[in-house]
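Thanks for coming. I have one structure to go through, and I will take it element by element.

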Amino acid sequence: MLGPLQVQGAAGPLRVPPGRQEVILAALLLESNRVVSTSQLVDLIWEDNPPETARTQVQICVSRLRKLLAGAQGEVTLVTRPPGYVLHTGEGNVDAALFTSLVQRARALREGREGGDAERAVGLLRSAVTLWQGDCLTGLDSGPLANKARQLNEERLAAVELRIRIELELGRHDRLVGELQRLTHEHPLREKLHGQLIQALYWSGRQAEALEAFRTARRYLAEELGLEPSRELRDLEAAILAGELPPPNGPAQAHPGSTGGTARTGGAGSPSERPGERTGRRPEGQAPAGPSEQPATSSGAPVAPAAETVRQETVPHQLPADIADFVADGQRLDALAKALAGGDGRGTVPLAAITGKPGTGKSTLAVHVAHALAETGFPDGQLYCDLRGTTGAPATPVEVLGRFLRALGIPGQLIPESLDERAEMYRTRLASRRVLVVLDDAAGEGQVLPLLPGSRGCAVLVTSRARLTALPGAHRVELDVLDEDRALELLARIIGQERVAGEAVAAEALVRTVGRLPLALRIVAARLAARPHWTLASMVHRLANERHRLDELAHGEMTMRASLSLTYEGLAPGDRSLLRLLSMAQAPTLPSWLAGALLDDRRPFPSDLLEPLVDVQMLDVAGMETGGFRYRFHEIIRVYAREQLADRHPPEERKAAFARMAGGWMHLAQKAHQKVYGGDFTVLHGDAPRWEPPAAYTDEALADPLAWLDAEQGALCGMVEHAAEEGLHDLSWDLATSLVTLFEVRGHYDLWERTHTIALAAVRKAGNLRGTAAIRASLGSLYMSRNQYDTARQTLTSALDVFQALDEPMGEALCRRDMALIARTGGDDTTALELYGRSLADFDRAGDVVGRAIVLTQSAHIRMRQGETDTAQRQLDEALDIYEGIGYTGGRARTLRRVGQLLLEQGRSDLAVLTFTEVLELCRDSGDAIGEGHLLRDLGHAFTVMGRPDRARDFFDRAVSAREQIMDFSGGALARLDLARLLTEEPGRSRELLTPAVEVFRDRRMARELTEAERLLGAC
């Protein structure tokens, strides 16, 4: 809890679903082993505006937490204790409780209640503070809990202050100064910390700095609060000025200015300590101070030593300086070293190529490896050249060979003009030497090949943003971003481990914000190192605004924008345009057809448009999918591309490209719906234009349409919102309603509501009546699925009024069908049959055979209930014929379920079980979680009728789990009621089943079920 809420089980970390379950768990943990009332939990979640179902929702959340914690196999139990719940666990299992215990023990030790051991108290306080991984309960959305978290945060600082106070008393002043300077920067308004810093400085013999620390504290307090320092701080200043600040308790300390103090004269850099200055002798090995110390000619020029009359062979050392804070994968370093040492046994010139996107540290790695190998592996020298491959003027091989030959001792006048002659001379010069050649930032293979030596005693290390796949025999290393551990290690090496450890959560957020890109991380770290008073959290906040992120990623000569622009400017104009337009896509990975849509290019293989961006690593291949490759931006590159988009494309051009991209998603979603339903049935469409991806891609991608909808769910839902933001309201509502194909089967009710709420706002703003009615009709289906029948009826009625005014038969049919289902569920069969009849006529008028089959199946249930089994059988047979004719598996499964119920009604139980089992398999194959819950309950009923209660109990148990797992609480409550009917001999278990079911039936106004559940509960 001391940081983000985390739970560790016996088998590893547990994922607690965010939101209400997190809040409830946090509240129970804060009060572990004490009862927390249900009312308190309701207040924590909803504060002043709880819904009517609040207590039920709390019960459900607690039930899920109980299962989660039970599965973790930990020393914890969550039990019901009126008026709420209590979480039983040992003190050592909750970091907040352990922290409090450690601090209390430390205080007892200091006060002498446990023997008065100051050293042990310090150890306990340090252990207590190391439990923290950030601010308490970071990221939890609950105002009341935030207040409790603030209290614990305050106790953390109080523990730090107590530990420092004890250590001051133990005489550790000089060790504490750095830590106190950091703490006062992070908490400038805590006067106790300022006072401790002043004391530590003074008792360390730094009187002037102690007074400056007082002035800094005064300035903070005046600027932030308009207050003067407290009496305690002012007394400290006065005591220092008077030289009367008493030493702390503990070992005697040297007082500033006393004979016991350390003399500060003659420190490093004082003239008296410069080597050799007092004696006039030069220390051994020191070079002469300058030309005046060497023998000179009459003209003043130094005389060359006699040994220089024999010319020595030139040994070049051209490598740039290595980087002290380098981090890398040790295995990668070893592999590079082995490849450059000729460890592959090929007998050719050892050659390694390091490639990667901008900012991944290619040059840094190359220079580090070169330095590591230089002395032992390549004693005859190291040649280095920046080939400027990403600039507008890359170095030519002729130019580079001229530089290398001069470095190898060839006078300029003797260097030939032609490339071939220079290359021959270069290879000859290196033939008998062991030289490492580092070629940085190569544009391509053509620039590198003439620079390869001919001798296998030499080696070549190349870096490039291109992949250089045509370099013969090269050992290739492709750099990506750092993993999180190495990114944090790099940050710590630059700004200090203590600073990173002190803000562990912010440090993790920081490396994520820059995408773990080494260059971006170095820039951020350099800025933080230059500003020790900045917190890591403040840097995260500065980087949060995407529009200004690249402005923040600049420090001195290092700029992320400059690094990216080198590659960007080297692209062909069409590739630059595509890169810019791709940045409009908000999905985490991008299908290849998007490139064609954005450029309105209808070639059959749109991935060809993206490959040039992959070659220079401005785009990554994220993987393979049915239909082609998927691609991904690094976040920093996407931000850069968005900048260029705004500058280079006028609004109308951007809007047209976006409309094509959105139209492509709409086309694919519509095709997916058609493949599921066997045609464009039971759905309304708007007039927004579609953009058709290549037919071969569409056929392959939609071979399993529900799987495609599942895989692209995030992109499709995001496009509903994005289209609404861009003013494409017709497409927004059309796509939202088309996605109900997925939402209904998978039980994604939250996504259903979210997408429709966004689209509804867009169509209302645009005055789009048809779109408004379509969204409201679809929302009516959603509310009905949630058993919110009153809300569903009102929403459907308002949509029906609009559809009647517009004479839209499909809309009328959909509304009347769902209104009939509400009436049927409420037991009003007469109204239901009347509505079904009108809906059937509407579907026939619209030419929608699937709509007709759905109405026949649903109304057959009423005929069965009324004993009209022959009529029910005829309707079900017609519906099955329709579904089998068009290939709609989902409709066939729902109708077969009714056939099974009819068989059960006719006393043909064995055949009913076989039918239900077949339908259950169909539901599982299609991923229909809602249908699976229905069939499990049907099988429970069948085995109950057959007199096999054990089998029935098993199926009802599974039905409860299946329903509640997808948050279908009313369906779960019905299955609980079924199970309770079987368990009248087990009152404890029945009570556990019925208590939450009663609450659900009451909330949903399911009167018939509520009456029976209350009767059974009373019997318990």
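Which residues in H44 are buried? They are Phe969, Ser970, Gly971, Gly972, Ala973, Leu974, Ala975, Arg976, Leu977, Asp978, Leu979 and Ala980. Buried here means under 20% relative accessible area, exposed means over 50%, and partly exposed is in between, with a 1.4 Å probe and protein chains only. Helices are DSSP runs of H or I with at least four residues, strands are runs of E with at least two, and both are numbered from the N terminus.

Before going on, the provenance. This is a predicted model, where local features need pLDDT of at least 70 and side-chain atom pairs count only at pLDDT 80 or more, while totals for chains, interfaces and linings use all residues. Residues are numbered from 1 along each chain as its sequence is written, and side-chain values use heavy atoms, with hydrogens and water left out.

Back to H44, residues 969-982. Because twelve of its 14 residues are buried, H44 is largely enclosed by the rest of the structure. Its end C-alpha atoms are 20 Å apart, which agrees with the 20 Å that 14 residues should span at 1.5 Å a residue. The expected span is 1.5 Å times one less than the number of residues.

Next, the second largest pocket. A pocket is found on a 1 Å grid over the protein atoms alone, as an open set of points where a 1.4 Å probe fits, with protein on both sides within 12 Å along at least five of seven lines; lining residues have an atom within 4 Å of a point. The space in this one is about 1000 Å³, a volume being what is filled by probe spheres set on the points, which are joined across faces, edges and corners. Its lining has 29 residues, and Arg156, Arg182, Glu186, His187 and Gly502 lie nearest the centre. Two or more lining residues come from each of H5 (118-130), H6 (143-169), H7 (173-186), H17 (497-502) and H18 (504-513). H6 gives the most, seven residues. By class, the lining has twelve charged, ten nonpolar and seven polar residues. Charged covers Asp, Glu, Lys and Arg; nonpolar covers Ala, Val, Leu, Ile, Met, Phe, Trp, Tyr, Cys and Pro; the others, Gly among them, are polar.

Now Lys362, in helix H12 (residues 362-377). Lys362 counts as buried because its relative accessibility is 9%. Beyond four places in sequence, its contacts (heavy atoms within 4.5 Å) include Thr355, Gly356, Ser464 and Leu479. Ser464 is 102 residues away in sequence, but the C-alpha atoms are 7.6 Å apart. The side chain of Lys362 reaches the backbone oxygen of Gly356 at 3.2 Å.

Glu478 lies in strand S10 (residues 475-479), and its C-alpha is 8.8 Å from that of Lys362. At 38% relative accessibility, Glu478 is partly exposed. Its side chain makes a polar contact with the side chain of Arg467 at 2.8 Å. A polar contact is a pair of N or O atoms within 3.5 Å; within protein, one must be able to donate a hydrogen and the other to accept it, and residues adjacent in sequence count only if both atoms are side-chain atoms.

Last, backbone angles. Most residues other than glycine have a negative phi. Asp600 has a positive phi, near 55°, and sits in the loop between H24 (593-599) and H25 (607-615). Asp807 also has a positive phi, about 50°, in the loop between H35 (789-806) and H36 (809-825).
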